[in-house]
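Reader: I'd like to go through this one with you, question by question. Could you put it up?

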Amino acid sequence: TGGQLDQKQDTASLTAKFDLGGAILTSISGYDDSFLQIFADIDATTLEYLSLPTNVFSESFVQELYLTSDTSGPFEWVFGATYFCRHGERQGIRHIVGALSLTVAGRYTKEKKNHSYRDNLSGITTQESRTFNDFSPSATLQYDFSPDANIYARVGKGFKSGLYATTTASYEIDPVSGERISNSVEPEKVWQYEIGTKFAVNNWLRTNLAAFYTDYTNIQVNIRPNNVSRLQNAGSAEIYG
């Protein structure tokens with residue numbers, strides 16, 4: 001006959017910068033507290049016969065610290081750390097010869113996922129925890145013809161952590177072997193390669209031209225067998241542009 005949805009979200013953030021003399025320390029703190037309650041009437045009749053209550057809680061905290069150079073010399077650097085199931089980031093820019101520069105970066109990610117699911121019909125609750133680790137590097141080589149024109153080549157890796165679907169049990173038991181099979185999906189990874197140029201035609205028109213190739217593996221997709229939403233790792237994909 002109807003349904004109900006209640007959602008509440010409280011967020012707070014604080015950014016502070018400190019001049020250390022030759023370096024600048026930036027602190028970014030964030031907090032998020034979310035609550036979502038859904039009461040769905042799923043029997044498709046005018047009677048209140050079968051309903052599906054769902055409660056989702058989420059609380060997170062992030063703390064980022066970045067120390068950056070405050071100089072105009074040939075070497076500029078950035079060092080930072082992030083805490084939010086991810087931590088650690090560092091980056092450097094090296095001016096090799098004159099207008100030629102190389103930018104390198106790397107990010108180490110560690111995410112722990114805790115999943116709990118209760119079947120309202122059977123009353124069975126499943127719980128599982130998994131940790132996903134990744135290191136994603138990137139590098140950009142750039143040559144500046146002038147302050148208004150350059151060419152560049154870039155390669156970088158991206159990472160999307162493994163996931164659990166909110167509508168499925170944490171795991172299932174194989175009826176033949178009796179082994180526990182996790183319902184989480186593996187991380188999705190991508191490598192991207194790009195070459196391009198940026199230049200100003202005049203003082204009011206700037207042009208960017210680029211060609212890229214993107215290679216995905218372990219793509220995370222949503223499927224709906226028996227009208228139940230589930231997550232699954234697909235194969236690979238390529239994008240040209």
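Reader: Which strand does Phe61 lie in?
Author: This is a predicted model, where local features need pLDDT of at least 70, side-chain atom pairs count only at pLDDT 80 or more, and totals for chains, interfaces and linings use all residues. Numbering runs from 1 along each chain as its sequence is written, and side-chain values use heavy atoms, leaving out hydrogens and water. Strands here are DSSP runs of E, at least two residues, numbered from the N terminus. Residues 51-69 make up the one that holds Phe61, strand β3.

Reader: Is Phe61 buried, partly exposed or exposed?
Author: Buried means under 20% relative accessible area and exposed over 50%, with partly exposed in between (1.4 Å probe, protein chains only). Phe61 has a relative accessible area of 40%, so it's partly exposed.

Reader: And Ser69, buried or exposed?
Author: Ser69 is found in strand β3 too. Its relative accessibility is 16%, so Ser69 counts as buried.

Reader: Which residues does Ser69 touch?
Author: Contact means heavy atoms within 4.5 Å. Leaving aside residues up to four places away in sequence, Ser69 touches Gly22, Glu76 and Trp77.

Reader: What share of the protein's residues count as buried?
Author: The protein has 15 strands and zero helices. Out of 241 residues, the share that counts as buried is 20%.

Reader: What share of contacts between residues at least 6 apart in sequence join residues at least 24 apart?
Author: Let's stay with the whole protein. For contacts between residues at least 6 apart, the share joining residues at least 24 apart is 49%.

Technical notes: Helices (H or I, at least four residues) and strands (E, at least two) are DSSP runs, numbered from the N terminus.
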